[in-house]
Amino acid sequence: AAAILLVLGCVGVPASVLAIWTHNQVTQTDRFVATVSPVIEDPAVQSALTNRITTEVLTYVDVQQLANDAIDALAAQGVRPELVDRLHDLTGPLVSGVTNLVHGKVQQLVASPQFIAAWNRALQVAHDQANAVLSGESSSIAIKNGMVVLDLNPFIEAAKQQLVASGFTAAAKIPDVHPTIDLAPASGLIRAQTAYQMLDTVAAWLPWLTLLLLAAGVYLARRRRRALLGVGLGVVAGMLVLAVALLVGRAMLVNAVPEQGVAAAAATYDILVRFLRIALRTLAVLGLVIALGAYLVGPAAGAVQIRAALDRGIRALRPAR
């Protein structure tokens, strides 16, 4: 019985760490923002974001076409053909220069304190909304006829206020209406809310159950010192398994993204799990301390020699009488 309880307790340690970390990220907005906020400050992420925004901007602003159109307009006004050809030859460097200009401006924007502040506000709002939906506290999300529907009333009210403020006073006559649009089948939201509630329960009770299992296992063991040694080593082993799992997850993420996004994806992953890594390192050290303490008080020859050496060292440090 003691062995079974100790094994279950040691398995529960990494499970508890993972459950608490996940629960904090999912249910606590402040914890989530504190975890995700540094992502935008990472140079690899900023570089990837700058490249993507620059590409999107230049997709809708065809500098090459604009330059050619301008040169063709000059040609239509009677500019000499040889001058028009020379101008066409300059469109390549012009496009390159504009691209570099846009990239530089976007890079300054992404690295600015204003952009980081906007990122943090967006994280907080998005997490609050997701939390409200998953906990069933959102008044805008409801279930009708097997579908998750979104009540458009808050958005209509916001639009009405904006229109009235801009001078379109006729918008004030819009009545208090509640049209809805279908978002998704209700089964998906129900499963997500069930998982949310289950996670809340698991994170609250699993750590205490784990401690109870370990304490009961040590209490019931015939050799409690050896059982305590096993607990320490079991905790260390559980943390090593969790660390390996994090490394495997990181490798899977890196392999799943395009080559140009590898650095940003790896940096983002490392930032997101940094608190989890701190927790597993702390518990691994605690496990080693417990195991070492249980070993040193035992009858093993090595433990006896270490205790004797420590005793001699302490006696040597005492002042002579």
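Author: Let us start with a definition: a residue is called buried under 20% relative accessible area, exposed over 50%, and partly exposed in between, using a 1.4 Å probe and protein chains only. Buried residues make up 28% of the 321 residues in this chain. The model is predicted, so to speak of local features a pLDDT of at least 70 is needed, side-chain atom pairs count only at pLDDT 80 or more, and totals for chains, interfaces and linings use all residues. Residues are numbered from 1 along each chain as its sequence is written, and side-chain values use heavy atoms, with hydrogens and water left out.

Reader: How many helices and strands are there in the chain?

Author: The chain has 13 helices and three strands. Both are DSSP runs numbered from the N terminus: helices are H or I with at least four residues, and strands are E with at least two.

Reader: And what is the accessible surface of the chain?

Author: The accessible surface comes to about 20400 Å², and 66% of this area belongs to carbon and sulfur atoms. Such areas come from the Shrake-Rupley method with a 1.4 Å probe, and for residues only the protein chains shown count as cover.

Reader: Which residues does Ser 16 touch, apart from those up to four places away in sequence?

Author: Ser 16 touches Leu 206, Pro 207 and Thr 210; contact here means heavy atoms within 4.5 Å. Ser 16 is in helix H1, residues 2–27. Its relative accessible area is 5%, so Ser 16 is buried.

Reader: Ile 4 is in helix H1 too. Is Ile 4 buried or exposed?

Author: Ile 4 is exposed, because its relative accessible area is 55%. Ile 4 and Leu 214 are 210 residues apart in sequence, while their C-alpha atoms are 9.8 Å apart in space.

Reader: What share of contacts joins residues at least 24 apart?

Author: Among contacts between residues at least 6 apart in sequence, the share is 75%.

Reader: Let us change topic. How many salt bridges are there?

Author: The count comes to two salt bridges, where a salt bridge is a side-chain nitrogen of Lys or Arg within 4 Å of a carboxyl oxygen of Asp or Glu. Asp 270 forms a salt bridge with Arg 250, and the closest N and O atoms are 2.8 Å apart. This pair links distant parts of the chain, with Asp 270 in helix H11 and Arg 250 in helix H10 (residues 224–256), 20 residues apart.

Reader: And with which residue does Arg 277 form a salt bridge?

Author: Arg 277 forms a salt bridge with Asp 270, with the closest N and O atoms 3.2 Å apart. Salt bridges that share partners therefore join Arg 250, Asp 270 and Arg 277 into one network.

Reader: Why does Arg 277 count as buried?

Author: Arg 277 counts as buried because its relative accessibility is 17%. Asp 270, at 25%, counts as partly exposed, and Arg 250, at 26%, also counts as partly exposed.

Reader: Where does Ala 265 lie?

Author: Ala 265 lies in helix H11, which covers residues 262–272. With a relative accessible area of 12%, Ala 265 is buried. Leaving aside neighbours within four places in sequence, Ala 265 is in contact with Leu 253 and Val 257. Ala 265 and Leu 253 are twelve residues apart in sequence and 7.2 Å apart in space, C-alpha to C-alpha.
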